[in-house]
Amino acid sequence: MTLQTTVAREASVSGIGLHTGARSSITFKPAPAGTGIVFIRTDLPGQPHVPALVQNVVDVVRGTTLGWADVRIFTVEHMLTALYGLGVDNVFVALNNIEPPVGDGSAKIFTEALLQAGLRTLDAPRHVFTLTEPLEYTDQKTVIRAEPCEELSLECSVFYDHPLIKHQNFKTTVTPETFMRDISPARTFCFDFEVETLKRSGLAKGGSLENAVVIGMDKFYSKEKNLRFPEEFARHKMLDLLGDLFLLGGRLKARITADRCGHGHNIKFVKQLAGAWAAQASHT
């Protein structure tokens, strides 16, 4: 039996949000067993709490947004993937604005803060979701398939009609070590022709070459000049998928293969998983 965890001490990070451009600070705070991941909007009257659960997803345009009533928390996936990847089950995330900091466009800013906070084991069994049979989500060319497995194995593929990318694939078994090395540093990206459209839509207000890779016709633009991994875009899609998977409300043991995934598809897939798990639980 694996036990639940929380952070051993508080840790904070600050910066601007990717889509809103709003400056914000977050603080990870210890939480008791059974809490899960709960966001607290400390800037709003009554400091409303929003649990990180798939039923609280209210938008999936270029990121995963949580909320209820008129409370919103944008772009939660990079933070959730760090919590999942490092093995944190319960935490209060105090946020003083509408969107967490983007950092460098990867999960590193949150990973480093959580490593600073450390982990504390709690006296309660971890919530683990398992499958008894395969499950598949399809939507046109997007396919996300889950199969029974004794660990969480992820494989993501991206396909673009672009001379610099075409096809990228990455596969790993998720552990804290592989997460820190192979997934956490992978940065968000977009194509150069998308930038103006995103800004006209009120998105990417905080986006820059400091926190994203921009793909041109013949080169990649970023502060670092080069990609961190040959298949960085497939790895970032895996980073996003892992964060969205945590919205199940527990940890998943499955072998997941995802082609052309994105937040909208991820959330539909997670809802399908949640339904399968509920049906499975009702027969045991």
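Analyst: Let's start with terms: on a 1 Å grid over the protein atoms alone, a cavity is a set of points where a 1.4 Å probe fits but cannot get out, and lining residues have an atom within 4 Å of a point. Grid points are joined across faces, edges and corners, and a volume is the space filled by probe spheres set on the points. This is a predicted model, where local features need pLDDT of at least 70, side-chain atom pairs count only at pLDDT 80 or more, and totals for chains, interfaces and linings use all residues. Residues are numbered from 1 along each chain as its sequence is written, and side-chain values use heavy atoms, with hydrogens and water left out.

User: How much space lies in the largest cavity?

Analyst: There are 2 cavities of 30 Å³ or more by this rule. For the largest cavity, the space comes to about 50 Å³.

User: Which residue classes make up the lining of the largest cavity?

Analyst: Its lining includes Leu-18, Thr-75, Glu-99 and Phe-110. Nonpolar here covers Ala, Val, Leu, Ile, Met, Phe, Trp, Tyr, Cys and Pro, charged covers Asp, Glu, Lys and Arg, and the others, Gly among them, are polar. The tally for the largest cavity is 6 nonpolar, 2 polar and 1 charged.

User: Which helix gives the most to the lining of the second largest cavity?

Analyst: Helices (H or I, at least four residues) and strands (E, at least two) are DSSP runs, numbered from the N terminus. Both strand 11 (128-130) and helix 6 (263-282) supply at least two lining residues to the second largest cavity. The top contributor, with 3 residues, is helix 6.

User: At what angle do helix 5 and helix 6 pack?

Analyst: Axes are lines fitted to C-alpha atoms, for helices over the stretch in contact, and angles run from 0 to 180 degrees between N-to-C directions. Helix 5 (residues 232-245) and helix 6 have axes 9 Å apart, and the packing angle is about 35°.

Key
1 Å grid on protein atoms, 1.4 Å probe; cavity = no way out; pocket = protein on both sides within 12 Å on 5 of 7 lines; lining within 4 Å.
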